[in-house]
Amino acid sequence: MDTNALSGTNALRPHQFITTNTPPQSPAVFSPDAGGTRGPTNSVPVRRGLFYQWRTNGVPPTAPGAFNPDPGAMLKSAPTNPPIFMGEPMPPAYQGEPVPKDLELPRSNVRSEELSATNSRPGNYVGPPIPPGLELPRANTRGDSYIKEKWGNPEYPIGLDKDLYPPFAEPETDRWRIGFVPWQRYTSGDIEQPYESPKPMLWQPYAQSILKGDAPVIGQDIFLDLTASSSSFGEARRIPTGSGVSAQNPNSAEFFGNSTQFFVQNNFAFTVDLFKGMTVFQPVEWALRLEPVFNINYTYTNERGVISPNAANGTDRFDSYQALQQAFIEVHIHDLSEDYDFIATRIGNQVFNSDFRGFIFNDTNLGARIFGNAHNNLWQYNVIVFDMNEKDTNSELNEFNRRDQNVIIANVYKQDFLWHGYTAQLSFHANLDHGRTHYDSNGNLARPAPLGTVVPHDVDAYYFGWAGDGHIGRLNLSHAAYEVIGHDSFNGLAGHPVDINAQMAALELSYDRNWIRYKASIFYASGDSNPHGGTATGFDSIVDNPNFTGGPFSWYVHQGFNLAGTAVNLKQRDSLLPDLRTSKTEGQANFVNPGILVPGVGTEIDVTPKLRAFGNINYILFNDTEPIETTLLTPTIHHDLGWDFSLGVQYRPLLTDNVIISAGMGFLLPGQGYKDIYQTSAVGVPGYSSSSPAHVDDFLYSGIIAVTLTY
C-alpha cells in the first residue's frame, strides 16, 4: 500500500481502526444498579464561567450622516476667537483616492471575539456546550494501533519492495552516518556544527567516534566500545610491624620494629565491549565484554619477615601479574512491558556489589546472574551465583583456580519507597566456603587460619539484610542492617564446631547546605564475648569493600595490619571489621572476633566544580575484647582502639572522569586498647641496648595519592 498517497485523504491508514462496538454510557446516564433507586451522586455544582466566542454583527449601525452621537453639540454657540492665520489661504481639501465599496463604514457581517458568561462544570475546560455530534462517548471513531516493527535496517534491507516497509518509513542505507545540518544559533553570522564533525570519526574521545560506540561497526546495530585506563597508586604508611626472629636492624630486641612502609602499584586495563541493540531506547540484545589487566607493584619495609615468611627474601618486593579480570556475555531474555522493563542474564567474570555501600560482598569473580526491572523501573532485582576463584596475593587480581567456595546472592530494590527519593533494598546472601588448605603467593598459610587449633573446616553462613539509600526531604539517609546465621564445622580459636548468630548495622545521616554536606555516621558489628562457647556472635563479611566513614582516606578503614605478631590480621585492608582472619580474599570468614563500634562525623565540600574535599573524624571501640585476650594470652585489653582522622581531595581537571587525581592523609591516635595489644616488652632485655623499652607508636599515618587516566 502506498502510504504517501493516503497522506492527503481521509481514508483509513495502515495500523488504524474504526471502533464498531457500542460505547459505554456516560456516568450521568449509566447506573450500575439498574433495579435500585438512583441515589445521590458526587456531582459538582454548576457554576458560571467565562469563555471566548465569535460573534457576527447583523444590521449595521446608522451612518454618521444620520446618527449624531452628541445631540447637545448643536446647542453650542459659534466660536468668537479670531482665526490664527489672518489673511493666509487655507490648505486645500484632502483629495485622496476614494475608499473601496467593501471597506466603507459601517460594515455588516463582521466577525469579532467577545467574552461571554455561561453555566458549566468546573474543570480544565470552560466553554459553551459541546454540539451533540461531538459529545462523548462516540461510536465509529478512528484509533491508532500499536506498531511493533523494529526499526533496525537488518530487518528491512534496501532490496525489499517499498510497500513492505513500515508505514510512513523511507529507506536509508546508513542513518548513523548522515551528516548534521549546520545551524546558526546567534545573529553574529557564525555557523555551528553539532558534535564538531558531520560524520563519526574513527577515534576521538570528545566527538562522535566509531571505537567508543557512537556508530555501528557491523550492520546497523552492532557497536564496539574500546576503553583504555591506567590506575596508579602510591602510599606511605606506618602500621604495627613485628621485628621477627631475624631482625633487619641491630638493637631490635623489642617485639615490634620499624613500622614505616612504602607501597606503589599500577593497573593497566584495556576493555572491549561489543554489543547489539539501540541502547538509547531499549536494553541491549546481547553484549560481550573482555578486560585484561596488567599489574605491577612494589613494597618496601624496614623489617624482615613482612614480605615473605622466609627472612632471606629481604625487606622489599617487586611483583607483576596479568589477569583476564572481566570476561562475560550478557543476553537479553525478554521485554516485560512497553516501558522496556526487561529480564536478562550475564555469565562470566563480572563486577558485583550486593548493597549500596559494599558491606557484605563487593568483588569481581566468576558468576551467573539474572537481573532486570519492573513497573517502569521502580523495581530492580538480581539473582547471582558465584563459583569463586582464587586471587593473586599481591595484586588481588583473579586467578583461574577454583577455591571451592560458592556465594549466592538475591536482592530486590524498590525506588520511591514510602518517600520520593528513597530506595529500599532487601537481600539474601549465602556463603558456602569449603576451602581446602591453601598457601598464598608469598608462602603464608591462608586456609585454615593459623590461629588456635589449625584444622581445615567448612563455613556455611546465611545473611538476611535490609538497606536503604536516598533522601527524605532535605535529610540524606543511607543505612544497612544484617543478621547472619549458619555453622562453622570447626573454629580454630573456639577449638570446636560453632553455630553462627551475629549482627551488623550502619547509619549515615547528612544534610546539604549550599556546597557543603555535613555527615554523621555510626557503624556497629557485634562481637563474641565467649570465644569458647558454642555460638559465634562476632560479625564477619564475605568480601567487603565499604565506602563508609572516610573510605580509602581513613587510616583505620584503609589499612590492614597484623595482630601483634601472630599469623593473622587484626583487620583486613579496606574493611571495617576486626575479624582475625588471614585475608578477606584468600582466607575464610571468622565469626569469633571482637566486633567494632565506630561513631563519626564528616563533611564533603564541593570547593569548585573540579575539586572536592573530604574530612572525617571517627572514634573506634572494640565491642568485646575476649577473642583478642584469648589469642594473645593477655588478661586485660581495653576497648578503645583510638581516634581516626582523615582528609582527602579529588580533582578532575577536565570536568570529566578521563583524569581523576585523588590524594589524602589518614591518622590514628592510639587509645589504650591499641597500646595493650601492641606494647613491647615490659622491661628491656638484659645485654641489649634498647633506646625506648615498652615504647608504642603514638602516631600512625597513611598518605595516599592515586591517578586514574581513562581514554
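Student: Where is N376 found?
Tutor: N376 sits in the loop between β10 and β11. Strands here are DSSP runs of E with at least two residues, helices are runs of H or I with at least four, and both are numbered from the N terminus. Keep in mind that this is a predicted model: local features need pLDDT of at least 70, side-chain atom pairs count only at pLDDT 80 or more, and totals for chains, interfaces and linings use all residues. Residues are numbered from 1 along each chain as its sequence is written, and side-chain values use heavy atoms, with hydrogens and water left out.

Student: What is phi of N376 near?
Tutor: Phi of N376 is near 60°, a positive value in a residue other than glycine. Most residues other than glycine have a negative phi.

Student: And D416, which loop is that in?
Tutor: D416 lies in the loop between β12 and β13. D416 isn't a glycine either, and has a positive phi of about 55°.

Student: New topic: how many salt bridges does the structure hold?
Tutor: The structure holds 20 salt bridges, each being a side-chain nitrogen of Lys or Arg within 4 Å of a carboxyl oxygen of Asp or Glu. One of them joins D363 and K391, with the closest N and O atoms 2.9 Å apart.

Student: Why does that pair tie together parts 28 residues apart in sequence?
Tutor: Because D363 lies in strand β10 (residues 362–374) while K391 lies in strand β11 (residues 379–391). Both D363 and K391 are buried.

Student: What about R403 and D433?
Tutor: Their side chains meet in a salt bridge too, at 3.0 Å from N to O. R403 is in strand β12 (residues 398–414) and D433 in strand β13 (residues 422–433), so this pair ties together parts that are 30 residues apart in sequence. R403 is buried, at 2% relative accessible area, and D433 is buried at 1%.

Student: Last one: which peptide bond is cis?
Tutor: The bond from R447 to P448 is cis, with omega near -10°. Most peptide bonds are trans. P448 lies in the loop between β15 (445–447) and β16 (459–472).

Methods: Buried < 20%, exposed > 50% of the residue type's maximum accessible area, 1.4 Å probe, protein only.
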